[in-house]
Amino acid sequence: MTDSTISAIMPKPITGPLIWLRANLFANPFNILMTVLVVWFLAMSLPALLDWVLLDAVFQANNVRECRAAGSGACWAFIGEKHRLILFGLYPYDEQWRPMLVVLLLIAMVGVSCLRRFWTKWLAPMWVATLMIVGVLMWGGVLGLTYVENARWGGLPLTMILAFVAIAVAFPLGVLLALGRRSNLPAIRAICTIYIELVRGVPAVSLLFMASVMLPLLLPEGMSIDKLLRAQIALIVYASAYLAEVVRGGLQSLSKGQYEAADALGLTYWQKQRLIILPQALRITIPPLVNTLITVFKDTSLVVIIGLYDLMNAAKASFVDPAWRGSSIEAYVFVSLIYFAFCFFMSKYSQSIEKRLAKSQNR
Amino acid sequence: MATAVQQPSDAPMILLEKVNKWYGDFHVLTDIDLSVKRGERIVICGPSGSGKSTMIRCINRLEEHQAGRIVVDGVELTNDVRKVDAVRRDVGMVFQHFNLFPHLTVLQNLTLAPIWVRKTPKAEAEATAMKYLERVRIPEQANKFPGQLSGGQQQRVAIARALCINPKVMLFDEPTSALDPEMVAEVLDVMIKLAEESNVTMLCVTHEMGFARSVADRVIFMDRGQIVEQNTPEEFFSHPQNERTKLFLSQILAH
Ligand SMILES: Nc1ncnc2c1ncn2[C@@H]1O[C@H](COP(=O)(O)OP(=O)(O)OP(=O)(O)O)[C@@H](O)[C@H]1O
Ligand SMILES: [Mg+2]
């Protein structure tokens, strides 16, 4: 066949800005109406937003009154003044390089863990070592670092520690609960089902509240666990129940044949789960799994109700200062951007895994 | 271990005595008696729902029987997990829908049980796996995923996977009935070759009568949970005794 016959059979796809516009924005009357509405909305809101964020914003000021006098936009001077309080809470000012290092270390470890070539048997020990370093940096008391009690921890490192530990413990726990709920042993099945249903039936806020108020009552006389640990336990309990249900969905979607083939080959129960069932079930559940992880990350902000200074609560504390009263919008925008950066990364990363898995299995 | 006792060579490989099974109220197997010699090739046929799958799945305890005895190579199947494991180490199974593990490559599918169940070193397990892939004539597919193979190729991989544990017994549950017609022959060829070249005991549920004629020592006909008739292939096809057998044969031969 010659080139000309090929082009006769396969016309070049017609492209171009005008054609794109027609196909995507002005295809039919409804489409045209929507386009006009969206353009109108953008025209109304974008300039105002731009004014607020940039053109009318104030970057230099000593207090909120100067700010408001200097411009009608956002008072970013407030963030310049208070960002360390928001990021690190009440952690001693001169020691704040320590939580800063913790944040960088955790982000670096997440980055490393996302790269396939680090998925070796060293990854888990590396995380254990990282968490130990995090503990040393945050608490201090050794290596010449001054001791900082965890009541003074706050801001982004606290949010990250709560979220990472919750996810790291709740994930394996959730997998076990999901397996337990499908177990052949009635006692195990009942325990797992009751746990999951009880926890899921209660708002996260009340779990945290119960952990902070009731846990101390249940403990033997003279024993106490601190507020941070109680919050951490509540988050683990809450996250594990939700993760368990997500994983169970994945387990249910596998065909009976997979279980039978594994049984027929003589694999033990745990070999079967680890080598055959979970790898497939977890792959299928990546989107809802990541969705749950994002939720858990954001829900760490509920620890405000028991008085921990996580990122969100530290932001609230920052605009209590009389000199900066009324800067709540700037504070919330700032922390929202931080939350968004983390969650957006999780979402994008899960999409990239899905794509790669789809490619490798050609399915 | 439960298999430690060496069985005399004239003892049956598989023995079913008065085996009964119910699904709720439904009596799916009724007083099944069957003795299979070492190296014997048996083809099982019968109408849909007659309990063929259920019977062979009881032999590696994918299903539990509720009354009677099942003994495989001297090991009686009970609730004892060790005995079940011992039997499964010696029994390979090929399913109608292949049941390959889609997240593992062909080679990984084949080496899984040798490595984890038999504790064979990886290199040795891979060498054995390649040997069996050559036997089923698809060594070049070793590093593909099951989803990239045709149905016939997948079933040949499944046969190789079952052979990799070096089983004494192979169970086949309608290995060709999910295949497109043009792929049936390639799978049957592999099975016929297996029967010729090894002395593995084979139980095969199939309606491929050509295969039964060329390979089977005995053909068993099941209906409504019972073994109704059994005979050599020549006698079975040319002189069926039972009315139900005659009806069944007339139906499948009419196709
Ligand atoms: N898990 C189960 N629960 C209830 N009934 C079942 C179950 N599995 C099979 N049965 C019933 O038991 C009977 C025998 O099933 P079996 O699969 O052994 O038949 P079969 O002879 O292999 O038929 P086919 O040729 O269709 O595969 C059928 O009537 C089937 O509906
Ligand atoms: Mg069947």
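Which residue in S7(B) does B:Val91 stand opposite? B:Val91 faces B:Val169 there, in a predicted model in which local features need pLDDT of at least 70, side-chain atom pairs count only at pLDDT 80 or more, and totals for chains, interfaces and linings use all residues. Residues are numbered from 1 along each chain as its sequence is written, chains are lettered from A and ligands numbered from 1 in the order in which they are written, and side-chain values use heavy atoms, with hydrogens and water left out.

**Strands of chain B**

- Strand S6 (residues 91-94) and strand S7 (residues 169-173) of chain B run parallel and are joined by 4 bridges, where strands (E, at least two residues) and helices (H or I, at least four) are DSSP runs numbered from the N terminus, and two strands pair if DSSP finds at least two bridges between them.
- From S6(B), B:Val91 and B:Met93 point one way while B:Gly92 and B:Val94 point the other, and all are buried (under 20% relative accessible area, with exposed meaning over 50% and partly exposed in between, for a 1.4 Å probe and protein chains only).
- An open sheet is formed by 4 strands of chain B in the order S2-S1-S4-S5, with antiparallel pairing; strand S2 (26-36) and strand S5 (75-76) stand at its edges with a single partner strand each, so one side of each has no neighbour in the sheet.
- Strand S1 (residues 14-23) pairs with S2(B) over 7 bridges in the antiparallel sense, and B:Trp22 stands opposite B:His27 in S2(B).
- B:Arg69 and B:Glu17 meet through their side chains in a salt bridge (3.2 Å, N to O), a term for a side-chain nitrogen of Lys or Arg within 4 Å of a carboxyl oxygen of Asp or Glu.
- Because B:Arg69 lies in strand S4 (residues 67-72) and B:Glu17 in strand S1 of chain B, this pair ties together parts that are 52 residues apart in sequence.

**Nonpolar cores**

- The largest nonpolar core has 125 residues, and those with the most contacts inside it are A:Leu251, A:Ile276, B:Leu16, B:Ile44 and B:Leu203; such a core is a set of buried Ala, Val, Leu, Ile, Met, Phe, Trp, Tyr and Cys residues joined through side-chain atoms within 4.5 Å.
- Helix H8 (residues 155-181) of chain A gives the largest share of this core, 13 residues.
- Apart from this core lies another, of 48 residues, which includes B:Leu133, B:Val190, B:Met191 and B:Ala216.

**Interface of chain A and chain B**

- In chain A, 22 residues are in contact with 22 residues of chain B, contact meaning heavy atoms within 4.5 Å.
- About 2,100 Å² is buried between chain A and chain B, 60% of it from carbon and sulfur atoms; buried area is the accessible area (1.4 Å probe) that two parts lose on being put together, summed over both.
- The rule finds 1 salt bridge across this interface, in which A:Glu260 pairs with B:Arg57 and the closest N and O atoms are 2.6 Å apart.
- The largest share of the side of chain A that touches chain B, 8 residues, comes from H12(A).

**Salt bridges within chain A**

- A:Glu260 also forms a salt bridge with A:Lys256, the closest N and O atoms being 3.6 Å apart; A:Glu260 is buried at 11% relative accessible area, whereas A:Lys256 counts as exposed at 60%.
- A:Arg248 and A:Glu245 form a salt bridge with their closest N and O atoms 2.9 Å apart, and both lie in helix H11 (residues 227-253) of chain A, 3 residues apart, about one turn of the helix.
- A network of salt bridges links A:Arg181, A:Glu197, A:Arg200, A:Glu245 and A:Arg248.
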